[in-house]
Amino acid sequence: MSVDAKERPLTPATEPFAEPLAELDRQRARALQMGGAEKLAKRKAEGTLNARERLDHLLDAGTFKESGLLARSARPEARAKTPADGKVAGFGKIDGRWVGIVSNDFTVMGASSAAINGKKMKHIKDVSTQRGMPLVFLGESTGARMPDRMGAIGRSILGQDRYEYRRMRETPWVTAQLGDCYGSSTWYACMADYVVMRKGATMAVASSRVTSLAISQPVDKEDLGGWKLHTAISGLVDVAVDTDQQALDLAKKFLSYLPSHSNQAPPTYPVPEGSDEPIKDILKLVPESRTQVYDMRRVIKTIADKDSVFELKPGFGRAVVTALARLDGRTVGFIGNNPMFKGGAVDPDGCAKVTGFLVLCDSFNIPIVMLVDVPGFLIGIEGERRGAPGKIINWMNALALCTVPKISVILRKSYGQAYLNMGGGRNSDEVALWPTADLGFMDPRTGVNVVYGIREEDDPALFKQKVEELSRDTSAWDLAVLYEAQEVLDPRDTRQYLIDMIEVHRLRMTNCVGEHLMRTWPTSFG
């Protein structure tokens, strides 16, 4: 329902169409009562927004156009208690751009999924995809509605849309998990490009009660699908926050970096005043010695436009940073090794995180910047058990399929296979080096032990000699001589270099739109 309809005065009884319009007003009013005053008051007392309040917070004022306000359950006995059939759906604007949106109304039968609200969701999804609008899901649902999904009749409801779970990344998808999320609320989160979760919410295949009955043991819902699990272990959630409002604000901010659809470039923004100043002090952030740690997130903030860095999955695969940001007002995707965690050695989680980020950037025409300081991959039995080789090659496969500009800057270490994964060789359009770049196959001290079987404590003099031998031909100058790098930079010139090279490699022939070779890459799979 439009805002104009809400504000229009009632039609006098003597006017034409008086009774039909009065009935329309009554129908709308009943639907807007949602699950009733008592349930709405309870949520308000808990500090939790209801489905319509969430829309009011997220969307530009007065822009929501509801679809299916008068829809109700297909089951006659449930129609009186299913206003909007538990899912508020429609179209609205975020920062002036149209989006499709579905907000689960937990006050109506737990926002459970059923035949009619499934039709609503399909319509919003189809229109958004076909008309080039981002899609936003505000999750809070008990899962499938019973008894609707039971028996042969229940089976006839399922699987009627063969493309329901096909994701071609025509438009960005965002999910905010704002309560108990089971069934479709979980499925659509796992298909989204960005997922934010309110602390206290849960996300799982089924509720802790159902799971407990299935496995015959108590299950804590936080252990089953809480924010700590999904931000640090499963990686299915990008970030967790304290309130609905914070979650919705992050969803809005994420979309500001992306185009409305895959056939356009991301939006540009004015460059904040002072953006060129922090880079002047970058030499204070990165120690010259390769054995000293620092926080790559601070380096990215120093290079990017002021206050523009938006990190994805900060608690997952922490040895590598993935962040959207802006350079000269344009969206870029930063991938940076972080020596603060595991010395920057990338584990299987980090590989999956980077692969997903490459897919995101390439799908929505976002140039990629790699800031390299990597000692290699974290090796060991646990990594092998978790499929590290496959995840390393998934990353390489994704990198090879990227058709957006890729610029790599090697700050310090770039060892072994990780040299290639972080854009070395022809895996980037441009490679630049800081004078501190170290291009060995592995740390030379480790290499002496591996190659010669010599330990420092056994023969210090010979050990030192061999370290010096393995350190030859590994400097920035050696790589530049071979034209394996196109530039050696004063670190203080890094920001301007990146701005210039991204402009040089802008996809002019296709209006900054890539080939999207990974548009069908399975979501939630690294």
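1. The sheet first: seven strands make up an open sheet with mixed pairing, in the order S9-S10-S11-S12-S13-S14-S15. Two strands count as paired if DSSP finds at least two bridges between them, and helices (H or I, at least four residues) and strands (E, at least two) are DSSP runs numbered from the N terminus. At the edges stand S9 and strand S15 (487–488), each with a single partner strand, so one side of each is left without a neighbour in the sheet.

2. A word on provenance: this is a predicted model, in which local features need pLDDT of at least 70 and side-chain atom pairs count only at pLDDT 80 or more, while totals for chains, interfaces and linings use all residues. Residues are numbered from 1 along each chain as its sequence is written, and side-chain values use heavy atoms, with hydrogens and water left out.

3. Within the sheet, strand S10 (residues 320–327) and strand S11 (residues 330–337) run antiparallel and are joined by eight bridges. Arg326 has Thr331 in S11 as its bridge partner. Arg326 also lies over the face of Tyr269, at 4.0 Å from the ring centre; the rule asks for NZ of Lys or CZ of Arg within 6 Å of the ring centre and within 35 degrees of the ring normal. Arg166 lies over the face of Tyr163 in turn, at 4.1 Å from the ring centre.

4. Now the aromatic pairs. Rings of Phe, Tyr and Trp (its six-membered ring) pair if their centres lie within 6.5 Å; planes under 30 degrees apart count as stacked, over 60 as edge-to-face and the rest as tilted. The count by this rule is nine aromatic pairs. In one of them, Trp173 and Tyr188 have ring centres 6.2 Å apart and planes at 35°, so the pair is tilted. This pair links distant parts of the chain, 15 residues apart: Trp173 is in strand S5 (residues 173–182) and Tyr188 in helix H7 (residues 184–190).
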